[in-house]
Amino acid sequence: MTANPTIHNVEAARQLYLENGCKALIAFGGGSSMDCAKACGARMYTVISGSSAAGKGTQHEHRIYPPHAAAIL
């Protein structure tokens, strides 16, 4: 992990998450690893669409952020 993670770092983490069927994010270390994990989580949002309770055809999106944990060392 480099200081001030780049888009490349975030996308590499996202690719590992997807390729390995991960269910959560865990970040160890200081600010940069935490920042990368948070950005990766933001990229992993799942969008669930459905009609509104009022039944007027309005579409709502619910976004689910992956479970995550952090440990500062």
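Guide: Helices here are DSSP runs of H or I with at least four residues, and strands are runs of E with at least two, numbered from the N terminus. On that basis the protein has two helices and four strands, and their order from the N terminus is α-β-α-β-β-β. The model is a predicted one.

Visitor: What makes α1 (7–19) a helix by this definition?

Guide: A helix needs a DSSP run of at least four residues, and α1 has 13 residues; the term therefore applies. From its first C-alpha to its last, α1 reaches 18 Å, close to the 18 Å expected at 1.5 Å a residue. After α1 comes Gly-21, with a positive phi near 60°.

Visitor: Why is Ser-33 called buried?

Guide: Buried means under 20% relative accessible area. Ser-33 has 17% and is therefore classed as buried. Ser-33 belongs to helix α2.

Visitor: Why is Ala-3 called exposed?

Guide: The word requires a relative accessible area over 50%. The value for Ala-3 is 63%, so Ala-3 counts as exposed. Ala-3 is located in the segment before α1. Between Ala-3 and Asp-35 there are 9.8 Å in space, C-alpha to C-alpha, although the two are 32 residues apart in sequence.

Visitor: How do you know that the side chain of Ser-33 makes a polar contact with the backbone oxygen of Phe-28?

Guide: The cut-off for a pair of N or O atoms is 3.5 Å. A polar atom of the Ser-33 side chain lies 2.7 Å from the backbone oxygen of Phe-28, which is within that limit. The Ser-33 side chain also reaches the backbone oxygen of Gly-30, at 3.0 Å.

Visitor: How do you know that the buried residues of α2 are on the same side of the helix?

Guide: The buried residues of α2 are Ser-33, Met-34, Cys-36, Ala-37, Cys-40 and Gly-41. They cover an arc of only 160° around the axis, and therefore lie on the same side of α2. As a general rule, an α-helix has 3.6 residues a turn, so residues three or four places apart point the same way. The cover over the buried residues of α2 includes α1, β1 (25–28) and β4 (68–71).

Visitor: Which residues are buried in α1, and what puts them on the same side?

Guide: Asn-9, Val-10 and Tyr-17 are buried in α1. They cover an arc of only 100° around the axis, which puts them on the same side of α1. On the other side of α1, Ile-7, His-8 and Glu-19 are exposed. The buried residues of α1 pack against β1 and α2.

Visitor: What makes a set of residues a nonpolar core, and which residues form the largest one?

Guide: Its members must be buried, of the listed types such as Val, Leu, Met, Tyr or Cys, and joined through side-chain atoms within 4.5 Å. The largest nonpolar core has six residues: Val-10, Tyr-17, Leu-25, Cys-36, Cys-40 and Met-44. Both α1 and α2 (31–43) supply at least two residues of this core. Beyond its neighbours within four places in sequence, Tyr-17 is in contact with Cys-22, Lys-23, Ala-24, Leu-25, Met-44 and Pro-66.

Notes: Residues are numbered from 1 along each chain as its sequence is written. This is a predicted model: local features need pLDDT of at least 70, side-chain atom pairs count only at pLDDT 80 or more; totals for chains, interfaces and linings use all residues. Side-chain values use heavy atoms; hydrogens and water are left out. Buried means under 20% relative accessible area, exposed over 50%, partly exposed in between (1.4 Å probe, protein chains only). Contact means heavy atoms within 4.5 Å. A polar contact is a pair of N or O atoms within 3.5 Å; within protein, one must be able to donate a hydrogen and the other to accept it, and residues adjacent in sequence count only if both atoms are side-chain atoms. The arc is that of the directions from the helix axis to the C-beta atoms. The expected span of a helix is 1.5 Å times one less than its number of residues.
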